[in-house]
Amino acid sequence: MRSLAFGTQLTLTYRQRERERELCIQILVLVSAMAENEESLSSNTAGKPIRCRAAVGRKAGEPLVIEEVIVAPPNPYEVRIRIICTSLCHSDITFWKLKDPPGYFPRIFGHESVGAVESIGENVDEVMEGDIVIPSFLADCGDCIDCKSKKSNLCSKFPFEVSPWMHRDKTSRFTDLKGETLYHFLYVSSFSEYTVVDVAHVTKIDPAIPPNRACLLSCGVSTGVGAAWRTADVEAGSTVAIFGLGAIGLAVAEGARMCGATRIIGVDVNPDKFETGKTFGVTDFVNSATCTDKRLSEVINEMSGGGADYCFECVGLASLVHEAYACCRKGWGKTIVLGVDKPGAHLSLNSFEVLHSGKILTGSLFGGLKAKYDIPILAKRYMDKELQLDEFVTHEMSFEDINKAFDLLLEGKCLRCMGGYKSWIGLD
Ligand SMILES: [Zn+2]
Ligand SMILES: [Zn+2]
């Protein structure tokens with residue numbers, strides 16, 4: 001029998017369905033390593049392929065198949081990681097549904113995780129065997145003009161794309177037992193007991209932070225908190241409006257709260273989100289579904305006395321970006337786009353409005369964070385009890401139940417598209 005190292009301590013509590021819908025913020029899947037081989041693994045696996053379990057996406061939209069796979073040793077500049085904990089993020093679902101490129105199958109999904117370094121390839125001096133690390137989908141090579149600049153987190157040596165390969169040589173480290181190649185996902189592929197990640201995508205963290213919390217810093221929570229902290233640089237005393245109170249929107253609220261924002265207006269079509277939002281500092285709530293006689297931006301302009309200092313679009317709808325831009329304050333207001341719209345979606349702004357309003361509109365990938373520098377800061381702020389992470393976790397389950405996690409997240413997508421500028425599809 002495999003021992004569920006974390007599963008025994010943090011047993012899945014399956015709540016009532018209604019409660020699950022209400023509270024579905026973030027689901028952690030705890031991956032147990034091949035515990036019966038643990039001792040021998042640590043001493044003699046370096047340089048050899050490892051056979052372990054993974055949840056493989058065989059076909060678009062179909063349940064993942066838990067099967068044994070072969071994980072090759074790391075090439076130069078790569079790190080092989082034993083995944084301790086991984087969670088499900090909405091991008092996993094988006095690409096799992098996608099039949100055509102950038103949807104690729106068979107593929108190992110998962111990009112939000114924490115693990116321990118099992119072995120390192122040549123030319124890796126940043127981490128060593130046993131280090132606790134957080135992989136991230138955005139590279140931080142530390143070397144290119146963008147990584148060296150304080151102004152950007154968009155590495156140009158390893159630019160972000162939804163590639164099925166490792167970054168440097170465009171090949172895979174995974175094969176199934178028949179020898180067929182399994183594709184990578186977002187350079188992480190954490191739905192496997194072992195994975196290989198380029199060192200540019202790996203951040204070493206303090207091992208004191210519990211893995212089921214550190215995991216959240218790998219994508220979603222970092223993105224939201226970072227957007228308020230790094231991209232917007234929210235000032236103390238300011239007013240913030242957040243469109244969409246899913247996991248990312250709530251993380252924006254948490255970031256704004258930490259930066260000292262005094263008024264945080266949450267906008268959603270689900271009033272239950274306000275209760276959840278209060279935990280993260282949301283002070284006011286606007287139910288956009290019931291704004292029938294006024295535009296959403298009018299409501300927020302009135303509430304904030306001329307517009308919010310910072311507006312965050314966390315849904316991924318061009319119409320909502322327009323609303324956010326329309327209710328950020330003239331002269332200094334910033335609108336930050338975090339939501340992922342359909343490919344090819346366009347924004348169209350009135351050029352006079354842009355000229356006359358002096359507002360800033362910007363996107364934010366991974367919250368503007370430089371992974372290697374900022375993730376350890378966020379981890380410390382959690383340990384110092386300044387950053388809330390516990391509140392984001394609503395479900396914990398073992399690796400075998402990973403398909404239940406997909407079901408929960410799909411059901412938790414409890415908002416719907418009603419068209420127009422007053423409503424939208426709310427994701428996660
Ligand atoms: Zn993510
Ligand atoms: Zn770079």
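Helices (H or I, at least four residues) and strands (E, at least two) are DSSP runs, numbered from the N terminus.

Just after α8, G281 adopts a positive phi of about 100 degrees.

## Basis of the model

Residues are numbered from 1 along each chain as its sequence is written, and chains are lettered from A and ligands numbered from 1 in the order in which they are written. Since the model is predicted, local features need pLDDT of at least 70 and side-chain atom pairs count only at pLDDT 80 or more, whereas totals for chains, interfaces and linings use all residues.

## The packing of α6 and α7

Helix α7 also packs with helix α6 (residues 220–231), at an angle of about 45 degrees and with the axes 7 Å apart; the axes are lines fitted to C-alpha atoms, for helices over the stretch in contact, and angles run from 0 to 180 degrees between N-to-C directions. The two helices α6 and α7 are therefore oblique to each other, given that angles under 35 degrees count as roughly parallel, over 145 as roughly antiparallel, 65 to 115 as roughly perpendicular and the rest as oblique.

The residues that make the contact include G220, V221 and W229 of α6, and A247, I248 and M258 of α7; two residues are in contact if their C-beta atoms, placed from the backbone, lie within 7 Å.

Strand β11 (residues 239–243) is mostly covered, five of its five residues being buried. Of these, T239, A241 and F243 point one way from β11, while V240 and I242 point the other way. In a regular strand the side chains alternate between the two faces of the sheet.

β11 pairs in the parallel sense with β12 over five bridges and with β14 over four bridges, two strands being paired if DSSP finds at least two bridges between them. V240 has I264 as its bridge partner in β12 and stands opposite Y310 in β14. Strand β14 (residues 310–313) has Y310 and F312 pointing one way and C311 and E313 the other, all of them buried. β14 also pairs in the parallel sense with strand β15 (residues 334–337), over four bridges, and there the bridge partner of E313 is V337.

## An antiparallel sheet

Four strands form an open sheet in the order β2-β3-β7-β8, with antiparallel pairing. Its edge strands, β2 (50–56) and β8 (181–182), each pair on one side only. β2 and strand β3 (residues 65–71) pair over seven bridges, and A55 has I66 as its bridge partner in β3.

## V114 and the chain as a whole

V114, in strand β5 (residues 112–120), is buried, with 28 other C-beta atoms within 10 Å. Leaving aside neighbours within four places in sequence, V114 is in contact with residues including I84, C85, I132 and P211. The C-alpha atoms of V114 and I132, 18 residues apart along the chain, are separated by 7.2 Å.

The chain has 13 helices and 17 strands, and buried residues make up 52% of its 428 residues.

Notes: Buried ≥ 20, exposed ≤ 12 C-beta atoms within 10 Å, placed from the backbone.
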